[in-house]
Amino acid sequence: MKKKLVSMLLGLTMVGTALVGCSSAPAENSTPKETETKTEAPAKEETKTETPAEEAEEKTDELITIGFSQVGAESDWRVANTESMKSTLTEENGFNLIFADAQQKQENQIKAVRDFISQEVDVIVIAPVTETGWETVLGEAKDAEIPVIIVDRMIDVSDDSLYTCWVGSDFYQEGLDAVDWLTEYMDGLGRGQDQLNVAVLQGTIGSSAEIGRTKGVRDGLQEHSNYSIVLEQTGEFTQAKGQEVMESFLKSGEQIDILIAQNDNMAFGAIDALKAVGKKPAEDVVIVSFDAVKAAFESMIAGEMNVSVECNPLHGPRVAELAKAIMNGEEVEKIQYVEEGVFPADTAAEMLPTRVY
Amino acid sequence: MSKTQEIVKKITGYHLFWPLFCLVIVLLFNLIKTPTFFDITIQNGVLYGYLIDVLNRSSELIILAVGMTLVVAASGGTDISVGAVSAFAGAVCIFALGTGETYQIPYIFGVLLAVLIGALCGAWNGFLVAKMKIQPMVATLILFTAGRGIAQLITGGNILYVKVDSFKRLGAFLPGVPIPTPIFIAVIVVIVTSLILKKTALGLYIQSVGINAKAAKLVGLNATVIQFLSYVFCGLCAGIAGLIITSRIYSIDANNAGLNIELDAILAVALGGNSLGGGKFSIAGSVIGAITIQALTTSLYAMKVTADQLPVYKAIVVIIIVALQSPELKKWMKHMRVKNSTQNVERVVEQ
């Protein structure tokens, strides 16, 4: 009886793993397939254009072919980023997008870029997985005289002529924006001149978002002598750690007037910690957060968060604009920041339906 | 030898002495740096204090450490998949319960499903280790990497939130009870496990298989089944831990749920004075080890150590604790003491 049970369990797990094996396999295969089918697309068009009238040929000439190598689909933010690219770089807008999902592997990205070069695309767009290791393949792109736009994460190359420009978020500015909003809000409450204690939940130490936001917040608060950062600890960008660290903050004996969480998830955790001890988030402690994901808007509507500073994934329009400018032979700025909004709680309800990530 | 020396020897010889000693030392540091560490008050109807935090936050680690202890004891290897299995079990539970205003299936089925998934994953690991004789670390590496991937598949790569309020109770408080629920669960797991091990001969079997599987076989123990069962149990513990982890944040974040917790669980077993080579084991030791790890983290938060220096302090303390328990160091210290006393005796003789 026991043996039977054990063998049954075993059978089940094996079937389970086999199933998983099946379902994960297509997912892995889908990327090369996708790129293959998509890379075939322009080729097909060419053969088509030979037969019909010249108009069609002109049309393909006008289209700017863009090869975009994306990191993967690891977060909502990334999905929104991909969606923005796909919906902006359409044929109606004069683009022919070749999309390659790298599944978080740099070697896939390097391969994709080499494919783009051999296909002679007009512009290469890369959302890099890692900062380093780009010299060789970007050198090849440069030799082929194909302009390269880097989006989101920065790359670390000794020769910055290897890429044309970079598009992404200015985390430092986000930090400053948060402080600007905060001081204005506190002035509005009539507490602008009070001595105010700030607690900061940092992101994963060393990540570019953490470095930029920490510095931005510090520099911003330095200009207001009545604000002082009394507590600072990492919550590793996760809700669980945010909650744990906030619990500890609350017991530190320091009066906390303002909490700055460097992403929304940590803010959610901190809000739970506050509620558990009977404090009212957004009233007893002003809560400033970053990223402005959809759930943050829901939290603001529930009156538990005061503001979230956006980290905008919608890079598509800017990339489209830049690609056109580059193809027209215009000089473009090396560093291009996307516009990022500050969303206070009172605008949350009307903004929520428009949020895509 | 005087009587006091004998008593000292008896105390230090007690198998839980060094693990307890380390925990006390970690806590004593707080007495100097943050005296409020030991304050426990009631706030908002629930117990409130750093010590409560330590116990509350170490609950899932205690549960995992209990399972890990048995795996280590029976197979002389570690199960590195527990963190990923927790995420997997949590993902299945939340997926089954649904993200609507009410549960799709009764809550208890969601819980059972998570525990079952944990046990199934454990069975898979156990099959690979006990039956196929694959090195434990390599065998569990499969789920270590695949577990999170499966969880991602289930959640569609998103963080799924449960909107039903009662889902939070498991990771927070039951209405009217001032003690955090995870502590109760950890206590239940520890007591039930100890009872099973003490009341049946299973504890002895695990120990004998761990010390010498071949010899155990010769005396009629089925080593394969015993190793297999220990992995199933470890997986089951991972499922329970997964429930607590997801309930705490009433959501499943497949990327981060239980991330790196397998390393802490292994460390807890080691800090508890258990040999990672298998054989003799102490559940109580592992529990103390798990509490020590959390006490250390919470203490460093309380001492306001900055985030970038945090890992350094943790590493230093862990090195000291492990060194304190190392038999070689103890031998060396004994040797030095003997040398000293003989020198003293010689000096006395010379005078």
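A: The domain bounds used here come from an automatic or database domain assignment. The model is predicted. For chain B, that assignment gives domain 1 as residues 46–304 and domain 2 as residues 309–339. The C-alpha centres of domain 1 of chain B and domain 2 of chain B are 28 Å apart. Their contact involves 6 residues from domain 1 of chain B and 8 residues from domain 2 of chain B. On the side of domain 1 of chain B that touches domain 2 of chain B, helix H11 (261–271) and helix H12 (283–302) of chain B each supply at least two residues. H11(B) has the largest share of that side, with 3 residues. By class, the side of domain 1 of chain B facing this contact has 5 nonpolar residues, 1 polar residue and no charged residues.

Chain A is also divided in two. Its domain 1 is made of residues 31–169 and 314–337, while domain 2 covers residues 171–310. Here 4 residues of domain 1 of chain A are in contact with 5 residues of domain 2 of chain A. The side of domain 1 of chain A that touches domain 2 of chain A has 1 nonpolar, 1 polar and 2 charged residues.

An open sheet of 6 strands in chain A has the order S7-S6-S8-S9-S10-S12, and its pairing is mixed. S7 and strand S12 (342–344) of chain A stand at the edges with a single partner strand each, so one side of each has no neighbour in the sheet. From one strand to the next, the twist averages 20°. Strand S10 (residues 307–310) of chain A pairs with S12(A) in the antiparallel sense over 3 bridges. In this pair, Ser308(A) stands opposite Phe343(A) of S12(A).

Two helices pack on the sheet. Helix H7 (residues 208–222) of chain A touches strand S6 (196–202), S7, strand S8 (258–261) and strand S9 (286–291) of chain A, and the direction of H7(A) makes about 170° with that of S6(A). H8(A) lies across S6, S7 and S8 of chain A and runs at about 150° to S6(A).

Where chain A meets chain B, the contact takes 34 residues from chain A and 32 residues from chain B. Helix H1 (2–50), strand S7 (227–234), helix H8 (239–250) and helix H9 (264–276) of chain A each give two or more residues to the side of chain A that touches chain B. H1(A) makes the largest contribution to that side, 9 residues. In total, the side of chain A that touches chain B has 12 nonpolar, 16 polar and 6 charged residues.

The nonpolar cores complete the account. In the largest nonpolar core, which has 157 residues, those that touch the most other members are Leu259(A), Leu64(B), Ala65(B), Phe88(B) and Cys237(B). Helix H10 (residues 223–248) of chain B gives the most to this core, with 16 residues. Apart from neighbours within four places in sequence, Leu259(A) is in contact with Ala199(A), Leu201(A), Ala270(A), Val285(A), Ile287(A) and Val288(A). A second, separate core of 40 residues includes Phe99(A), Ala112(A), Val121(A) and Ile146(A).

Notes. Residues numbered from 1 in each chain as written. Chains lettered and ligands numbered in written order. Predicted model: local features only at pLDDT ≥ 70, side-chain atom pairs only at ≥ 80, totals over all residues. Contact = placed C-beta atoms within 7 Å. Helix = DSSP H or I, 4+ residues; strand = E, 2+ residues; numbered from the N terminus. Nonpolar A, V, L, I, M, F, W, Y, C, P; charged D, E, K, R; others polar. Core = buried A, V, L, I, M, F, W, Y, C linked by C-beta atoms within 7 Å. Buried ≥ 20, exposed ≤ 12 C-beta atoms within 10 Å, placed from the backbone. Pairing = 2+ DSSP bridges. Axes fitted to C-alpha atoms, helices over the stretch in contact; angles between N-to-C directions.
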